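Have a look at it first, then read on.

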Amino acid sequence: MSEHRCDIKLTVNGETISETVEARTTLVDFLREALSLTGSHVGCEHGVCGACTVRVDGVIVRGCLMLAAQCDGAKVETIEGVSDAGEIADLQAAFERRNALQCGFCTPGMLLTAQELLRGGGVPSRDKIREQISGNYCRCTGYQAIVDAIEAVAQERAEAKR
Amino acid sequence: MKPAPFAYAKARSLDHAIELLGRDEARLLAGGQSLMATLNMRLSAPKLLIDLNGVAALGGIAVKDGTIEIGALTRHIEAERSADIAKHAPLIALAMPHIGHPAIRNRGTLGGSLAFADPAAELPACLLALNGELEIAGPKGKRTVKAEDFFKGLFETALGPQDVLTAIRVPAATKDTRVGFAEFARRHGDYAMVGLAAAARADGKGLAGLRLAYFGVGATPVRAKKAEAALANGHVDDAVTALASDLDPSADVQADGATKRHLAGVLLRRVAKQLMEPRA
Amino acid sequence: MKITEDSPSALTALDRPNSYIGRSVPRPNMARLMQGRAQFVSDVTLPRMAHAAFVRSPHAHAKIKSIDSSAAKQAPGVVAVVTGAELSKVITPWVGVLTHLKGLKSAPQHAIAVDRACWAGEAVCAVVARSRAEAEDACELVQIEYEELIAVTDAETALDAKTLVIHPELGDNLTFERVHTAGNPEQGFKAADAVVETTFVFGRHTGVTNEPRAIVADWNAGDQRMTVYQGTQAPHMMQNLFAKHLGLQEHQVRVLTKDVGGSFGIKVHTYADEMAIVALSKLLKRPVKFVADRIESFVTDIHARDHRVKARIGVKNDGTITAWEIDDLTGIGPYSVYPRTSGIEANQVVNLTGGPYTCPNYKARARVVFLNKNVMCQYRAVGHPIATAVTEGLVELAAAKIGMDPLELRRRNLIADDAHPSQGPSGIKFEALSHHAALAHLDSMMNYAGLRAEQAALRQKGIYRGIGFASFVEVTNPSAAFYGVGGAKISAQDGATVRLDATGAVFCHIGVTEQGQGAEAVTAQCVASAFGVPIERVRVIMGDTDNTPYGGGTWASRAAGIGGEAAWQAGKALRQNVVAIAGSILQAKPDTLDIRNGVVVDRDTGKERIGLDEVARIAYFRPDTLPTGVQAELVATRHYVPRAWAFSFTNGIQASYLEVDTDSGFVKLLNHWCVEDCGTVINPQLVDEQIRGGVVQGLGAALFEQCVYDDRGQLLNGNMADYLVPMAMEMPDIECAHVVTPTADSELGAKGAGEAGTAGAPGCVMNAINDALRPLGAAALTDMPFTPGKILRALGKV
Ligand SMILES: Cc1cc2nc3c(=O)[nH]c(=O)nc-3n(C[C@H](O)[C@H](O)[C@H](O)COP(=O)(O)OP(=O)(O)OC[C@H]3O[C@@H](n4cnc5c(N)ncnc54)[C@H](O)[C@@H]3O)c2cc1C
Ligand code: FES
Ligand code: FES
């Protein structure tokens, strides 16, 4: 292994992956190109739009601001995996009911970002919800429907706990 | 928009990082939340990237002898949630929520933010206001630099090419400590147009040891020393007037110099109020 | 909604059991988008696919003296390095003019600059390599020698005799000029008790679609066919243009468009980069992919707005508006964009200014000039935000001047709801509008009187809130008058083909496209309703020039109004075909049968007779059991184009409530309301979300967005950290409501709704800010975006 190419072993959506990557390959490009997990999107490649949001070791990160090489030994989860696990089925249903996506390009990042807040429990205020998604750009919806959907799920989950 | 090729090495220890820094055009990688964007845009093209993540010596938050020490690799999110920081470095706690967005704070580090030294960033100004110091390790061992001497110019610090910022230290707050923080950013989480971090000690009469550190108004965080003198005596209006000679902000894409200067005055009034109130 | 009786249904569209018209059914494509299983063009990978990157001119205007690509050609992974001159042998240049915009001129534009670069960001050389990263590596090795030329960057002086003419062969820098006088403006101003005059300035914007422009072109030399996967709004238009400039027959080109990450007009134009990609694929005989990165998007995605409008209004003390006058100047790029041209926006400003009002005295001039900046063209709500802000800004300034409530002044001047058909001062024709009903609804929805009282009370406490309004008209459902008559091969009509498959499900192939607006859902709703099946049984196919009826695509708020009508008619026609066969199977008269809920029933009693699956089974597999001479036609195609009106105008009114921090100049948006009339509302939720998204795009214009250029033609904020798009934290919740005035031109009666939000929001916010600051004696703000600095200046604090 030269230092320009790195061998990495990680789990992606629970599956163990061993790959050799170019050192300069970002995590999101690795997921999209090497693993064909194209649900994580590339909107700006400078950390501003949030379309590339994925989970690494349980927390959301910008997939364009991390190298694949840094993920050796990491647990990576993408929208495909989180969807299949059923973890956000209620949130997805709420997005659908509320038409909280139009083109859907921002949606995988929005869902993962929202889920991080929702996992904290409780019913956050609308302002808190807006703050949570403040780094996720959506050109289509104007955000209100997204906030509505997240708020509705927070309430549902809180009810279910009671 | 893909980075130019580089080599990648994971530092096994602080010494290993310093050793690797000896190589041609090597660069440290911490949270990557500033560096990766510049690499993607090919604004910088190091030959070797040295990943500090995982170097245990760079983590940790410790309080001892009236000082709170925060490891350089402490992530923004850890600082935001740290009870020690809330208690002993309340100014930093106030500043944290203004930095970027959740996903950025999950990765970005305090050390990276200080080493990057963006003139509109919150933490450099906080450190300056707190009269903090930075611990630096290099080939010749460790040294300590005062915040005052650390920020040298635009994105320029006292860090040498083979230096690693290892930790910061600020005096732990006491019951008399007063801090204030406010900024104007066009959108939540953006770098500030103008911001102000302030710290002082309430001595019964006024504010002793007052330090007002502005950011977004120059190449580095800037102390407003004349305003400090006026405000220490409780003269808010004079302090605002004094800013005219303390600050000489130049224009950027978001605002011209005159606007920034005006906003600096508005911040001063708001922060002055915070400073006058005892801490909850 | 007016339904012509078709055979054979006793039910209207609204009371059919499967009527989805007027219902908020969810869109069928959402699950894949939410699971990360969509297929955006940026996701497409093909065997042997190579990646392109462009070397772009760092100068706004420069002669290309030499290009040395030898080192780049040697770089790892490089397939080809191609200059403009080389590529011009594969693809011909184009000129973006339309004959109905008289006098509009432009110069030939090449896919890659030949000899001269005319804006900073124009491609001067292409590199094709194994990966995008390697293509970028090699771009850095291309040596280009430039000779910098003077850059023309100021629209105000672009026509001065001493200013360099960008295209000498055109004689001057004037792209297009329109002068229009109606009524008697001179007398109108004389009759006025007060005249308000000011200059409005609109920032240069760009669309910042979340997914950048993307294309994969695949020339198969064996098939002699070009397959293009493109995130475009208008596949058939692109098919025509790719074929024309590559020297192919149209049938040799197939354009495929699946999921598109936002469009807003950005993806309806012909980009030099995309033309270069199809040419490169043809040249290299392999698939070539190009996804614009965000930085190059900022300097190549079309820009828009950037108008300076000097404007005047005359008003009598009783509130009667007596005259309008505007002088619009806009600086586009060095070329008029192909094929829709860069003259349409200014033309729309002339068309739409004063549009909601009765005052006929109108004088307008619009000039469009060439500049050495990125190209400008149509972007969501083309011209509307400008015309609306100018009109509504004048109206509120006039109201303030004569001391009249701004809603009252509107009441006295808006075209009466019963006065239609009518026309605007520019001569635009309105079939039926509802300004007064919309205004009345808004007034009560927002509790205007209550807000005014709150505003007054808060002012006593030093809190400055403002209320602003904007009435508007919106162009939707364009007929051929928009582009076709000007010679552009852009279809005004759209077609839908519906087919009953062998299991009783329905496929609908349609020419309109989907970029999130909901055209797919609306099409399914129309087909399901008209044909008589549960919506789950309808599958909609779009975005494939090989497989959909010829159509214009989705732009100018046409997808639901035009595509929806075609789908509706096709559904009805298929119903007729199917009951004919069912009749012959059941030995019943077809006109005694109907289809409801997927079953053929007795028209009068609703009694179930035969399932669609059974009809299909017989028709497809046992046609031998049908009477001789009976042939089942389980496919029907219908087309629709608006004929009676050039455009189906919609109308509405918005209101903004905001607070200005008079210390800092920061604006906090508190509430926003929109009442609009898009005719029949096929899917209320989708309409409301179009409005909300559109409003937020307009709020971005009012407060944040602007491409900032220096006087050498360099874009200073071409990245997402510095070009400020609206983000969640700063945006308000938006309340929507509707007045329904269907168009009689179609059976459905639906007009468009995609642009109303963007049309009204900027002017509305401008008015609210000025309303907030008026008691402080601040100079009226008319220069967007309204940054803290500008507000502080108006307050005399900076
Ligand atoms: C969308 C977005 C919004 C943001 N908003 C803000 C904001 O409002 N305020 C703000 O302050 N920041 C903001 N940031 C930046 C963020 O705070 C970064 O995390 C921080 O600036 C850099 O920290 P890092 O750990 O990510 O460093 P990196 O990006 O890894 O490194 C930055 C630089 O510091 C050097 N470096 C890192 N660690 C060390 C060390 N220990 N010793 C020596 N050199 C070192 C690196 O070599 C590099 O040159 C934002 C970022 C993004 C993407
Ligand atoms: S692509 Fe990573 S934040 Fe935009
Ligand atoms: S739905 Fe299109 S960007 Fe959010």
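Across the interface of chain B and chain C, the rule finds 6 salt bridges, where a salt bridge is a side-chain nitrogen of Lys or Arg within 4 Å of a carboxyl oxygen of Asp or Glu. Keep in mind that this is a predicted model: local features need pLDDT of at least 70, side-chain atom pairs count only at pLDDT 80 or more, and totals for chains, interfaces and linings use all residues. Residues are numbered from 1 along each chain as its sequence is written, chains are lettered from A and ligands numbered from 1 in the order in which they are written, and side-chain values use heavy atoms, with hydrogens and water left out.

**Chain B against chain C**

- One salt bridge joins the side chains of Asp256(B) and Arg793(C), at 2.9 Å from N to O.
- Helix α12 (residues 257–276) of chain B brings 6 residues to the side that touches chain C, the largest share. Helices here are DSSP runs (H or I, at least four residues), as are strands (E, at least two), numbered from the N terminus.
- By class, that side of chain B splits into 11 nonpolar, 4 polar and 7 charged residues. Ala, Val, Leu, Ile, Met, Phe, Trp, Tyr, Cys and Pro count as nonpolar, Asp, Glu, Lys and Arg as charged, and the others, Gly among them, as polar.
- In contact terms (heavy atoms within 4.5 Å), 22 residues of chain B meet 33 residues of chain C.
- The two chains bury about 2200 Å² between them, 58% of it on carbon and sulfur atoms. Buried area is the accessible area (1.4 Å probe) that two parts lose on being put together, summed over both.
- Met1(B), Arg186(B) and Arg187(B) supply 33% of the area that chain B buries against chain C, more than any other three residues.

**Two domains in chain A**

- Chain A is divided into domain 1 (5–82) and domain 2 (88–161), with bounds from an automatic or database domain assignment.
- Their C-alpha centres lie 22 Å apart, and 18 residues of domain 1 of chain A are in contact with 15 of domain 2.
- Between them the domains bury about 1300 Å², 59% of it on carbon and sulfur atoms.
- The salt-bridge count between these domains is 0, while 6 residue pairs are in polar contact (both at pLDDT 80 or more).
- On the side of domain 1 of chain A that touches domain 2, β3 (53–56), β4 (59–62) and α2 (79–84) each supply at least two residues.

- Most residues other than glycine have a negative phi, and most peptide bonds are trans.
- The His420(C) to Pro421(C) peptide bond is cis, with omega near 0 degrees; Pro421(C) is in the loop between α11 (406–413) and β18 (422–423) of chain C.
- Met784(C) and Pro785(C) are also joined by a cis peptide bond, omega about -5 degrees.
- Ala117(B) has a positive phi, near 55 degrees, and is buried at 6% relative accessible area.
- Asp115(C) has a positive phi of about 70 degrees, but is exposed at 55% relative accessibility. Buried means under 20% relative accessible area, exposed over 50%, partly exposed in between (1.4 Å probe, protein chains only).

Technical notes:
Polar contact = N/O pair within 3.5 Å; in protein donor to acceptor, adjacent residues only side chain to side chain.
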